[in-house]
Amino acid sequence: MTEPPGVPEILSALDGAASVLDVGCGSGRLAVELGARGAAVTGIDVSDGALAIARDRAARAGLAVRFMHADMTGPLPFADAEFAAGVSRLALMIAPDPVAVLRELARVVAPGGRIVTAVWARIEENAWFGEPRAAVAAALGPERAAFARVFGRLGEVDELVGLHLEAGLEAEGTVVRDALEPRSAAEHWRDLTGRIGHFTRLAAELTPAEEAAVVRELERRLGGGGAGGLRLGRSLVVVIARSPTPV
Ligand SMILES: C[S@@+](CC[C@H](N)C(=O)[O-])C[C@H]1O[C@@H](n2cnc3c(N)ncnc32)[C@H](O)[C@@H]1O
């Protein structure tokens, strides 16, 4: 399995901050990475299942990372300027009002502190996810492919930077691109259903015949790949911002 995209860029942008809030921390991979680099990390999420995995991950790493159930769409349960930096990877696109989330992040991060956010770029730039989902739609009908609807939302640099500016932050954006290189469509499907929740849950509901139909359709869409296998693009928009300093 490859490294989650954007993580090296995010770690470098956080620049050794002493304390970091991770909003929508999920199963805690990034939070634990940050903890291992010496930061005092707090991760928040609304999924108790993900938080349990995150706590277990931190315990196994011997790190005292704080994981809390908290909703990013409301007032954050932290004091003004409580953290040296803030981060949110692959969660901001879920929020109905992402500017409100960014304003709250700016409030709880010390003036001048880094705020780093990342979301998937448009689905057209993410064949690794878009092609299998399209194969599900073609093979089984669009209703079976009605998952991850927010994938690609806010996924343009100008749009995501614009939201940070609207929240009163200074911000610069960049696109991080890489590719998955499975040997075949079947191998890519196995990888997705083994580690990406949306596909794991779908695969658990499919009959063997349905799953075979999806893989056939994916093979048709992706082609054989030749001797070198396939190359499926992944693309992430990353914004590096600063909490405003008082004038
Ligand atoms: C795609 S996952 C990303 C997890 C992690 N940040 C990563 O980079 O792998 C999105 C996460 O956002 C969380 N989430 C969704 N809505 C939320 C909310 N309102 N407040 C906090 N977390 C939320 C989900 O539970 C999920 O863990």
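Start by colouring the protein chain by domain: the assignment gives domain 1 (1–120 + 156–176 + 236–247) and domain 2 (122–149 + 182–230), with bounds that come from an automatic or database domain assignment. The centres of domain 1 and domain 2, taken over C-alpha atoms, are 30 Å apart.

This is a predicted model, in which local features need pLDDT of at least 70, side-chain atom pairs count only at pLDDT 80 or more, and totals for chains, interfaces and linings use all residues. Residues are numbered from 1 along each chain as its sequence is written.

**The ligand**

Next, select the ligand and the 17 residues around it; G24, G26, S47, M72 and R89 come nearest. A residue is near a molecule if its C-beta atom, placed from the backbone, lies within 6 Å of it. Helices (H or I, at least four residues) and strands (E, at least two) are DSSP runs, numbered from the N terminus. By type, the shell divides into nine nonpolar, four polar and four charged residues. Here Ala, Val, Leu, Ile, Met, Phe, Trp, Tyr, Cys and Pro count as nonpolar, Asp, Glu, Lys and Arg as charged, and the others, Gly among them, as polar.

**Helix α3**

Now select residues 48–61, helix α3: its 14 residues reach 20 Å from first C-alpha to last, close to the 20 Å expected at 1.5 Å a residue. The expected span is 1.5 Å times one less than the number of residues. Show L51, A54 and A58, the buried residues of α3. They cover an arc of only 60° around the axis, which puts them on the same side of α3; the arc is that of the directions from the helix axis to the C-beta atoms. A residue is buried if 20 or more other C-beta atoms lie within 10 Å of its own, exposed if 12 or fewer, and partly exposed in between, with C-beta atoms placed from the backbone. The cover over the buried residues of α3 includes α2, β2 and β3 (66–69), where contact is C-beta atoms, placed from the backbone, within 7 Å. Turn to the face away from the buried side for the exposed G49, A59 and R60. After α3 comes G62, with a positive phi near 70°.

**Helix α9**

Last, select α9 (residues 208–222). Which of its residues are buried? They are V214, V215, E217 and L218. Seen down the axis of α9, these fall within an arc of 160°, so they line one face of the helix. The buried residues of α9 pack against α5 (127–140) and α7 (185–195). The face turned away carries the exposed P208, A209 and R220. End at G223, which follows α9 and has a positive phi near 75°.

Definitions and conventions: Two residues are in contact if their C-beta atoms, placed from the backbone, lie within 7 Å.
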